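Let's take a quick tour of a protein chain, one spot at a time. Keep the sequence and the 3D view open, and click along as you read.

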Amino acid sequence: NPEDSNARFELGIALLRRGQLQESIHQFRVVVEQSPKHAQAHHSLGVALLSTGNPGAALLHLETATKLSPIFADAFASLGAVLLMKSDYHGAKGALLRAIAIEPKLAIAHYNLARCYLAGGETNKAIDALREAIGQDGSMREEIKCGTDFDVLLANPSFKQLVYSAQRDAT
C-alpha cells in the first residue's frame, strides 16, 4: 500500500531526526520491503545505519538509492562519505563529484571532497574544495576549525587565511 509506505517513511524521518535510530531503521526497512524502488527510503535507511556504526549495511542501501535515482545528490554525497570512511578515496571522489555535479551548492560534498583530495596528497585541491564548502555554507568554517580532519594543513598559509581569517565570505 503506497499510502502506508509514505506514512512509514515520514515516521522514519521523524524518528531519525529525534535520534531514535533503531526505530527509524525498522520503519525504513518496512518501506523498502514494501516499496523496493523507494530511493529516499534506501537513502534514509543507509544514513540511519551509518549513524549506528554499520557502514557496510549503509553502503548497500546508499548504492541502491543512487542506482534507483541517478539525480539524487544527497544519496551520492552520503555514498561518498561512506566510501571515504572505508578509505576508498577513488570511489568516494567519484560519488562526491557526482553529487556536486547534480547540486553544486551541497557544502558537505565539497567538504568531504576536500578530505579525499587531502588523503591523496592534493593539498591545493583540498583547500579549493574547502573554500567552496565555506562559500556554500559559512558554518563549515567552524566545523573545520573544531574538527581534526584538516589539522595537517594548520601550517599552510592558504588554509590559515581561509579558515582563520576574520573576514566572512559573503553568501
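At 32% relative accessibility, threonine 52 falls in the partly exposed class, because that class takes in whatever lies between the under-20% cut-off for buried and the over-50% cut-off for exposed. Threonine 52 sits in the loop between helix 3 and helix 4 (55–68). One thing to keep in mind as you look around: this is a predicted model.

**Around threonine 52**

**Helix 5, residue by residue**
- Helix 5 covers residues 73–85, and glycine 80 is part of it.
- Is glycine 80 buried or exposed? Glycine 80 has 0% relative accessibility, so it goes down as buried.
- Now look for asparagine 6, which is 74 residues away from glycine 80 in sequence. From C-alpha to C-alpha, glycine 80 and asparagine 6 are 27 Å apart.
- Phenylalanine 76 belongs to helix 5 too.
- With a relative accessibility of 9%, phenylalanine 76 counts as buried, since the cut-off for that label is anything under 20%.
- How far is phenylalanine 76 from arginine 98? Along the chain they are 22 residues apart, while their C-alpha atoms are separated by 6.6 Å.

- Serine 87 is in the loop between helix 5 and helix 6 (89–102).
- Check the backbone here: serine 87 has a positive phi of about 60 degrees, even though it isn't a glycine.
- Serine 87 has a relative accessible area of 45%, so it is partly exposed.

**How the helices pack**
- A handy way to describe two packed helices is to give the angle between their axes and the distance between those axes.
- Start with helix 5 and helix 6: their axes come within 8 Å and cross at roughly 160 degrees. So helix 5 runs roughly antiparallel to helix 6, because angles over 145 degrees get that label. Helix 5 passes helix 6 in a left-handed crossing.
- Next up are helix 6 and helix 7, whose axes come within 9 Å and cross at roughly 150 degrees. These two are therefore roughly antiparallel to each other. Helix 6 passes helix 7 in a left-handed crossing.
- Then come helix 7 and helix 8, with axes that come within 8 Å and cross at roughly 165 degrees. That is why helix 7 is roughly antiparallel to helix 8. The crossing of helix 7 and helix 8 is left-handed.

**A stop in helix 8**
- Helix 8 spans residues 123–136, and glutamate 132 is found there.
- Glutamate 132 has 34% relative accessibility, so it counts as partly exposed.
- Which distance separates the C-alpha atoms of glutamate 132 and tyrosine 111? The answer is 8.2 Å, for two residues that are 21 apart along the chain.

**The largest pocket**
- Rolling a water-sized probe over the atoms shows where empty space is left.
- The largest pocket holds about 170 Å³ of space.
- Which residues line the largest pocket? They are Val47, Leu50, Ala77, Ser78, Ala81, Met85, Ile108, Asn112 and Arg115.
- Sorted by class, the lining has six nonpolar residues, two polar ones and one charged one.
- Helix 3 (39–51), helix 5 and helix 7 (107–119) each supply at least two residues of this lining.
- Which helix gives the most to the lining? That's helix 5, with four residues.

Technical notes:
Residues numbered from 1 in each chain as written. Predicted model: local features only at pLDDT ≥ 70, side-chain atom pairs only at ≥ 80, totals over all residues. Heavy atoms only, no water. Buried < 20%, exposed > 50% of the residue type's maximum accessible area, 1.4 Å probe, protein only. 1 Å grid on protein atoms, 1.4 Å probe; cavity = no way out; pocket = protein on both sides within 12 Å on 5 of 7 lines; lining within 4 Å. Points joined across faces, edges and corners; volume = space filled by probe spheres on them. Nonpolar A, V, L, I, M, F, W, Y, C, P; charged D, E, K, R; others polar. Axes fitted to C-alpha atoms, helices over the stretch in contact; angles between N-to-C directions. Parallel < 35°, antiparallel > 145°, perpendicular 65-115°, else oblique. Left-handed = near helix turned anticlockwise from the far one by under 90°.
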